[in-house]
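These are my notebook entries on one structure. I recorded what I looked up, entry by entry.

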Amino acid sequence: MDITDTICALSTPPGRSGIAFVRLSGADCPAVLRQITGKAPPEPRKACLRRLRDPRSGEEIDEAVVTFFKAPHSYTGENLAEISPHGNPSIIAALLDVLCHLGARLALPGEFTMRAFLRGRIDLAGAEAVRDIIEARTLYQARVAGRQRGGALAKELQPVKDRLIEAIVNLESAVEFAEEDLTTASREAIFDLLGGAAQRAEKLINSFRKGRFVREGFTLAIVGPPNAGKSSVFNALLGRDRSIVTDIPGTTRDLVSEDAAIGGIPVRLEDTAGLRADGGEIEKLGMERSRRAAADADAVLLVVDASRNLSEEEYGLRRQLTSPAGIVIFNKSDLPARVTEEEKQALSGSWPHVHTSAKTGHGIDEARNVILKQISGGEEPDRDDFLITNLRHCQALEKALTGMERGAGALKNGMSEEFALFDLRKALDALGEITGETNTENLLDEIFSRFCIGK
Ligand SMILES: Nc1nc2c(ncn2[C@@H]2O[C@H](COP(=O)(O)OP(=O)(O)OP(=O)(O)O)[C@@H](O)[C@H]2O)c(=O)[nH]1
Ligand SMILES: [Mg+2]
């Protein structure tokens, strides 16, 4: 991989803006700056106003704020300049043209961050987190990614690695030096180390259940019999009157979807047509969509009208819903209740239930909290818990866990230490893949090609 040349790109979105931001990184950066500004590069880390000229014609391109960062104290670890001219597409095009004429080339997507990784400024998980920060749709998502960018994942992995390495070292010295087999005591010590490492790895793997939703968001389908108040609950969760509400059963006929956020996690809310046994041609088509939405969603809200007696219709519906993350909403709590506690329990089954009034707003916040809890695998969500948010990291951890379990299994079954070592080394490699210490070559293209240009 060639990282000796000098690259440039517009780092702000194309278009017109007060100021734009062009990055130039590589060994030739000071020489290129000298040629376009006619002066020596500014003192490092000090923003300076400079006139930019095309040295071929001598014509001025724009006046810009130029900041120079000297290697290795820059984002990429190389000589780097941040040039901020006015945000005008003609100015930017002319500037990039001159930079390329002077020996730089246009950067590939993610190339600045890839260089930061290759020059040891950031680990691979941190580089991936940079992209997550840019793509975050909520502040909470950006915060979670920000923590990972700062190396939080590497810190979480360290105790797993330390134990694994100690187990490997113990086994290796047994292979190298011991004439006899491992003593029972040292065997026990190795099992302890591996057990501890596996437990931590498992905890991280389990956090992916919630972490995946934090990074990617989730879908929540709102289903139930006609007139139960599904559209009203949908509007209340959304905070605006998006879906049509009337007292006529069968008002909603098609799927109505909107993006919102619950607890900083993006959620796609889906209001659906009420499900009942009869209904006209159009309603039946709508109901088919409701069923599909319920089957595809990450979580389901079953809304029923608590001011009416439950019928077999509600129970039948509940039986059809198999999502593990589900909640029953007993709506219209502002009216006299007709459903008993026993009936509520019987209908809810394994799901939690919440009382709401979409009319007064009562219980809507509680419904939000219970949704978050269900998405977090039934646990009270702790916003400061470390989360695995990236499938690649989760898969590497699973690979590491398998290696540790196999290694421990080999020792337990009295196989030779070499067998166990083989699996344990694989486990260590898998952990190294996450932060980029091992086996990264074929990964880099895949990871950085999904970045935007200029980052
Ligand atoms: N009193 C009271 N009325 C409610 C409440 N929620 C909804 N309603 C009323 O119940 C009726 C039906 O509400 P919708 O939200 O349209 O019900 P839906 O489940 O979407 O109905 P369909 O789209 O027909 O399946 C409307 O008249 C609402 O005003 C509530 O919490 N309390
Ligand atoms: Mg409706």
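**Entry 1: helices H13 and H14.** The model I examined is predicted. I began with the residues where two helices touch. On the H13 side I listed His393, Ala396, Lys399, Ala400, Gly403, Met404, Arg406, Gly407, Ala410 and Leu411. On the H14 side I listed Phe419, Ala420, Asp423, Leu424, Lys426, Ala427, Ala430, Leu431, Glu433 and Ile434. By class, the contact of H13 with H14 holds twelve nonpolar, three polar and five charged residues.

I then looked up the geometry. Two packed helices are described by the angle between their axes and the distance between the axes. Helix H13 covers residues 391–412 and helix H14 covers residues 417–435. Their packing angle is about 165 degrees, and their axes are 8 Å apart. Angles over 145 degrees count as roughly antiparallel, and H13 and H14 are therefore roughly antiparallel to each other. The crossing of H13 with H14 is left-handed.

**Entry 2: helices H4 and H5.** I next turned to helix H4 (residues 124–135) and helix H5 (residues 139–149). These two pack at an angle of about 155 degrees, with axes 7 Å apart. H4 and H5 are therefore also roughly antiparallel to each other. Their crossing is left-handed. From H4, the contact uses Ala125, Gly126, Ala129, Val130, Asp132 and Ile133. From H5, Ala142, Ala145, Gly146, Gln148 and Arg149 take part. I noted six nonpolar, three polar and two charged residues in the contact of H4 with H5.

**Entry 3: helices H3 and H4.** Helix H3 (residues 111–118) packs with H4 at about 160 degrees, and the axes are 9 Å apart. That angle makes H3 roughly antiparallel to H4. Is the crossing of H3 and H4 left-handed or right-handed? I recorded a right-handed crossing. Thr113, Ala116 and Phe117 of H3 meet Leu124, Ala127 and Val130 of H4. The contact of H3 with H4 has five nonpolar residues, one polar residue and no charged residue.

**Entry 4: domains.** The domain assignment divides the chain into domain 1 (7–123), domain 2 (148–214 + 390–435) and domain 3 (217–375). Between the C-alpha centres of domain 1 and domain 3 I noted 53 Å.

**Entry 5: ligand 1.** Which residues come nearest to ligand 1? Of the 22 residues around ligand 1, the nearest are Gly229, Ser231, Ser232, Thr252 and Gly274. Helix H8 (residues 230–238) gives the most to this shell, with three residues. I recorded the shell by class as six nonpolar, eleven polar and five charged residues.

How values were computed: Residues numbered from 1 in each chain as written. Chains lettered and ligands numbered in written order. Predicted model: local features only at pLDDT ≥ 70, side-chain atom pairs only at ≥ 80, totals over all residues. Near = placed C-beta within 6 Å. Helix = DSSP H or I, 4+ residues; strand = E, 2+ residues; numbered from the N terminus. Nonpolar A, V, L, I, M, F, W, Y, C, P; charged D, E, K, R; others polar. Axes fitted to C-alpha atoms, helices over the stretch in contact; angles between N-to-C directions. Parallel < 35°, antiparallel > 145°, perpendicular 65-115°, else oblique. Left-handed = near helix turned anticlockwise from the far one by under 90°. Contact = placed C-beta atoms within 7 Å. Domains from an automatic or database assignment.
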